[in-house]
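This report describes selected features of one protein model. Please have the sequence and coordinates open while reading.

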Amino acid sequence: MLRALAPFLSLALLAQPTPYQKAPKAIQAVLDAPGTPSLILSPRGDRFLLAEFERHPSIKDLAQPMARLAGHRFNPRTRGPHAPRSLKTLALQQLEGPAKAIALPAGVSLGQPRWSPDGSHFALIGASAQATELWLGEAATGKLHRIRGLNLNAVLGSPLDWMADGSLLCKAVPAAQGPEPSAPEAPQGPRIQENEGKTAPAPTYQDLLQNAQDEARFEFLGQSQLVRVNPATGALKPLGKPGLYASVQPSPDGRLILLSRLQRPFSFLVPSQQFPVREEVWDRSGALVHLAADQPLAEGIPIEGVRTGPRRLHWRPTEPATLAWTEALDGGDPKRKADFRDRLLVQAAPFKTAPTELLRLKARLMGLEWSEGGNLAVAREVDRDRRWVRTWLLDPGKPGEARLAFDLSSNDRYRDPGSFQSRLLPNGHAALRQLDGRLFLVGMGATPEGDRPFLDRFDPATLKSERRFRCEEGRFEAPMALLPDGRFINRRESPAEAPNYVLHGAAPKALTAFQDPLPQLRKIQKKLVKYTRPDGVALSFTLYLPPDYQAGERRPAVVWAYPMEFTDAATAGQVSGSANRFTTLGGMSHLFFLLSGYVVLDNATMPVVGDPKTVNDTFLDQVVASAKAAIDKADELGVIDPGRVGVGGHSYGAFMTANLLAHSSLFRAGIARSGAYNRTLTPFGFQSEKRTLWEAPDMYLKVSPFMAANKFNAPILLIHGEADNNSGTFPIQSERLYAALKGNGQTARYVTLPLESHGYSARESIEHTLWEMLRWFDKHLKK
């Protein structure tokens, strides 16, 4: 009898879900350790918040309801982000005093605090079981309280802004909206799409609308009512009528509001950012005073192109009510020949005179910032074909005039001048910080020996920078915040020193004294290793040796990498990262292999060098050569067994991993997480590839490891989140590669993680992923 039932019992066992596996206890201890809180400085510079977030939520948090509509993911019950980041601890600290812990409310997940412009309050968005709430904190006491009678709507982005008078402008769930539209019991008809000869390429977007029911749900759940909130009294004042408000920007003088209001018809091909939109200016009563733009549905935007007409509309932060925006001069098409691609325009209220053109750019405008003095703007244009960046300085009072401040390759880390620093103005808008007319630049300070962050004071008159701080050798210290008086706060760490915050003034002063939560990790050794590929391209990796490593041992090793494209060998060989950072492990990090005795070659550079138009024609040759050079160098150092090396990567690194296993015999096994393996499923380009499948069919097939599933030279572990929303990395990519490998008799294991997206966050998923990774390499590398 039992023998007769055996086949059915086997099927029943196979149908049972596989339970989550636990990581080894040493890894669990690391996952349990506290992280370094983020420092959030008050606009006054007299105090700051220390915010520590939960690093690994429960899988139950990810199992909350999720709507996937028009490119958005949110909880339809709360109308807020799905599984939002949640504060674990929050403290308030005077610049010259000790930290005071702030009691967090039970049953609410609070997000990132946002200071009011005057520094008297800070606002937090809280997610309860049924709603997204607004909480306010008092700067003087740290006491938190909820604004009653207000449920926020964060479906279409941030639901709150501070106004010039200290009030808050919020997007709220309409009070009398009624029930959510119900789905029909049966389909009402087929879904039909049609194209009459119009060219409309589209990336592989995910979470798009699928049918009329999705359209109705999106319109219902995304709708919000504007409400002004008095933080002192909690009084609520509705403004205008409900609508699909994608963004809301109060003017610097607080008298007008710029709104982006989405319109029908919606699309099944593109996300909401390309839906029809009206850019409207309202007064404080909710009356329309100006229509800044009325944009139609944008389904035919060229790959790497932009929308035509006004885009990036915003207020000039130092003017009462002046709009600024960008317009394409090439039809938004990067392949169209044009003397100029973009222009920058401004127009002041009451919008009766024609807009003023401030600047024309030969490449695409990708960044625009205004100084707090009002007499300076910084515009950054990017030439995607050359991978080149130019930064211009202009005086808004002198249209058509601009001076070139920086001109360099976007890959050139050694010459990177840094990023201009901004501050929150009293009117609630951000502007570039100026002190005595000078701006401030913060950068990573890449050098051949590793990163040495810096703070520079930049003179717009001379275009010269004066160095105020540079990280000393042997540690890693980076500027985090600038005070109004010119002092600054850094985060300081070293291989033996836990991260802490330091105030730099007349003399450095420690602001925090966080202790090492994991002293057992200090036995890990690491150093930057540089070497050269046979074709002369300089390469590097950070060599990590496990805590129990003894000199002279040759251990199994893990190469973890992510390939990147470069136009020239000089920039490709530049070093990134620093060996002087405090070693911390978290999430699904491959560095956990160290706790199981492996040597890790971290961030082994895999540059693909060449003309941007054809660089991927040699992708396979270059990544194989880079991988071999890394193994040869580690073998030369005498720390690895070259016959027991595994390779791994995430996303594009997973694509690289599969190709290395298919086109080389360098590795004993591989781990590929959340990758794309069949490039015919991303036919309009991938990563930095600009050609379509129909323009370069041979290359698309050649670099697709799916097409070489019969040639893999080593076993592969495939891991993928079942809810991956990254463009191009649909879970079907891993599903079909596994089927192809299995059909060709290859050794492979395929693991899908319920509810997880492109990166994995739930504690259960993290531990199971680490268990799978360790088990896979132990099986194939240690024996």
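The model is predicted.

**Sheet and helix**

Eight strands form an open sheet in the order 39-40-43-41-45-46-47-48, and their pairing is mixed. Strand 39 (525-532) and strand 48 (748-753) each have a single partner strand, so they stand at the edges and one side of each is left without a neighbour in the sheet. From one strand to the next, the twist averages 20 degrees.

Within this order, strand 45 (residues 640-650) and strand 46 (residues 669-673) run parallel and are joined by five bridges. In this pairing, G646 stands opposite A669 of strand 46. Helix 7 (residues 652-663) packs on the sheet, where it touches strand 45, strand 46 and strand 47 (716-721). The direction of helix 7 makes about 140 degrees with that of strand 45.

**Aromatic pairs**

Searching the whole structure gives 20 aromatic pairs. One of them joins F218 and F275: the ring centres are 5.9 Å apart and the planes stand at 90 degrees, over the 60 degrees that the class requires, so the pair is edge-to-face.

Elsewhere, ring pairs connect Y562, F619, Y652, F655, F686 and Y700 into a cluster.

**Charges over rings**

| Charged residue | Ring | Distance to ring centre |
|---|---|---|
| R467 | F454 | 4.3 Å |
| R581 | F476 | 4.0 Å |

In the second, R581 lies over the face of F476.

**A loop residue**

T78 is located in the loop between strand 4 (72-75) and strand 5 (80-81). Its relative accessibility is 5%, under the 20% limit, so T78 counts as buried. The T78 side chain reaches the backbone nitrogen of G80 at a distance of 3.3 Å. Leaving aside residues up to four places away in sequence, T78 touches S128, A129, Q130, A131, T132 and L152.

How values were computed: Residues are numbered from 1 along each chain as its sequence is written. This is a predicted model: local features need pLDDT of at least 70, side-chain atom pairs count only at pLDDT 80 or more; totals for chains, interfaces and linings use all residues. Side-chain values use heavy atoms; hydrogens and water are left out. Two strands pair if DSSP finds at least two bridges between them. Helices (H or I, at least four residues) and strands (E, at least two) are DSSP runs, numbered from the N terminus. Axes are lines fitted to C-alpha atoms, for helices over the stretch in contact, and angles run from 0 to 180 degrees between N-to-C directions. Contact means heavy atoms within 4.5 Å. Rings of Phe, Tyr and Trp (its six-membered ring) pair if their centres lie within 6.5 Å; planes under 30 degrees apart count as stacked, over 60 as edge-to-face and the rest as tilted. A charge sits over a ring if NZ of Lys or CZ of Arg is within 6 Å of the ring centre and within 35 degrees of the ring normal. Buried means under 20% relative accessible area, exposed over 50%, partly exposed in between (1.4 Å probe, protein chains only). A polar contact is a pair of N or O atoms within 3.5 Å; within protein, one must be able to donate a hydrogen and the other to accept it, and residues adjacent in sequence count only if both atoms are side-chain atoms.
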